[in-house]
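Subject: Structure handover and findings

Hello,

I am handing over the structure below, together with notes on what was found in it. Please read the notes with the structure open.

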Amino acid sequence: YQRRVHGANKTLLNPLPPLTKDPYEDPNFNTTIPDYVCAVLYPNKNNRSEYRLETYPTAEIANSHGAFVTHLHPCGYCSTTKDLSVYMANHDLTEPVRACGMEAVTSNATALKCLMDIGFTRDCATIWLYNTINTRQKCFEICLEDWILKVPYNVPKNSTNLNPCLQCDEDKSGPIFKAVAGRTRRDSGLLSAINRPPNSIYPVTHYYY
């Protein structure tokens, strides 16, 4: 299911330092991420307008601390409840993000504003921007052909096999994006316009608002 949630107006009490460097420019970037969980923790259980994001080794440990698991893998720049609300409200982010990525051909600032206009926080929009730039550099010809031919996201259409462009993005940009962003749709238990294997979608229910 996809629905608008109320996390966009919450205040994150422990934000990460601003993302100012493109991780794709680091040839030694570590993309190994442990199967920890990122959880929402309310310091004041009677006031859910302010929260912390904490990484725990397991969902059980998170629950024992009174925290609510929001996605699999450690917290990152897209782990905020505001970014979750964007994922939940938009069944298909591939096309709008791709359109914003095209703006980066002439202006990164314009592309970043475009991504923030979708609703992403600045730092989440920034890692999305770096992702699109890297994908354009590594997958341009493949993606151009898919775009011209209007190849569906999955080939065959009702399978879970990605089209060549999405597979290239997954291979060339995905590992760093996942490590930096923290949240992905699959790790948040959310379906999308791209068919994915059911066992790749982490079971989580967002009931902590």
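First, the basis. This is a predicted model, in which local features need pLDDT of at least 70 and side-chain atom pairs count only at pLDDT 80 or more, while totals for chains, interfaces and linings use all residues. Residues are numbered from 1 along each chain as its sequence is written, and side-chain values use heavy atoms, with hydrogens and water left out.

The sheet

Helices (DSSP runs of H or I, at least four residues) and strands (runs of E, at least two) are numbered from the N terminus. Four strands form an open sheet in the order 1-3-2-4, with mixed pairing. Its edges are strand 1 and strand 4 (68-72), each of which pairs on one side only. Two strands count as paired if DSSP finds at least two bridges between them. Strands of a sheet pair through backbone hydrogen bonds, either parallel or antiparallel. Strand 2 and strand 4 are antiparallel and share four bridges. Cys38 stands opposite His71 of strand 4.

For accessibility, buried means under 20% relative accessible area, exposed means over 50%, and partly exposed is in between (1.4 Å probe, protein chains only). Strand 4 is mostly covered, with five of its five residues buried.

Asp22 sits in the loop between strand 1 (11-12) and strand 2 (37-41). A salt bridge here is a side-chain nitrogen of Lys or Arg within 4 Å of a carboxyl oxygen of Asp or Glu. For charge, Lys and Arg count as positive and Asp and Glu as negative; His and the chain ends are not counted. Asp22 is buried but has no salt bridge, and the nearest side chain of opposite charge, Lys138, is 9.3 Å away. A polar atom of the Asp22 side chain does lie 2.8 Å from the backbone nitrogen of Tyr24.

Salt bridges

There are six salt bridges in the structure. Three of them are described here.

- Arg98 and Glu95 are joined by a salt bridge, 3.1 Å from N to O. The two residues are three apart in helix 3 (residues 94-103), so about one helical turn separates them. Arg98 is partly exposed, at 25% relative accessible area, and Glu95 is also partly exposed, at 35%.
- Lys113 and Asp117 form a salt bridge whose closest N and O atoms are 2.9 Å apart. Both residues are in helix 4 (residues 108-118), four residues apart, about one turn of the helix.
- Arg186 and Glu170 meet in a salt bridge of 3.3 Å, N to O. Arg186 is in the segment after helix 7 (174-181) and Glu170 is in helix 6 (residues 164-172), so this pair ties together parts that are 16 residues apart in sequence. Both Arg186 and Glu170 are buried.

Arg186 and Glu170 also belong to a network of salt bridges that includes Lys178 and Arg196.

A surface patch

Phe140, Leu144, Trp147, Ile148 and Leu149 make a nonpolar surface patch of about 550 Å². Patches are made of residues with over 30% relative accessible area and no salt bridge; like charges are joined within 9 Å, and nonpolar side chains (Val, Leu, Ile, Met, Phe, Trp, Tyr) within 5 Å. The areas come from the Shrake-Rupley method with a 1.4 Å probe, and for residues only the protein chains shown count as cover. Phe140 is in helix 5 (residues 122-149) and is partly exposed, at 45% relative accessibility.

Backbone details

Most residues other than glycine have a negative phi, and most peptide bonds are trans.

- His73 has a positive phi, near 80°, and is not a glycine. His73 is in the loop between strand 4 and helix 2 (81-89) and is buried, at 12% relative accessibility.
- Lys150 also has a positive phi, about 55°, without being a glycine. Lys150 is in the loop between helix 5 and helix 6 and is exposed, at 70% relative accessibility.
- The peptide bond from Val155 to Pro156 is cis, with omega near -5°. Pro156 is in the loop between helix 5 and helix 6.

Regards

Methods
A polar contact is a pair of N or O atoms within 3.5 Å; within protein, one must be able to donate a hydrogen and the other to accept it, and residues adjacent in sequence count only if both atoms are side-chain atoms.
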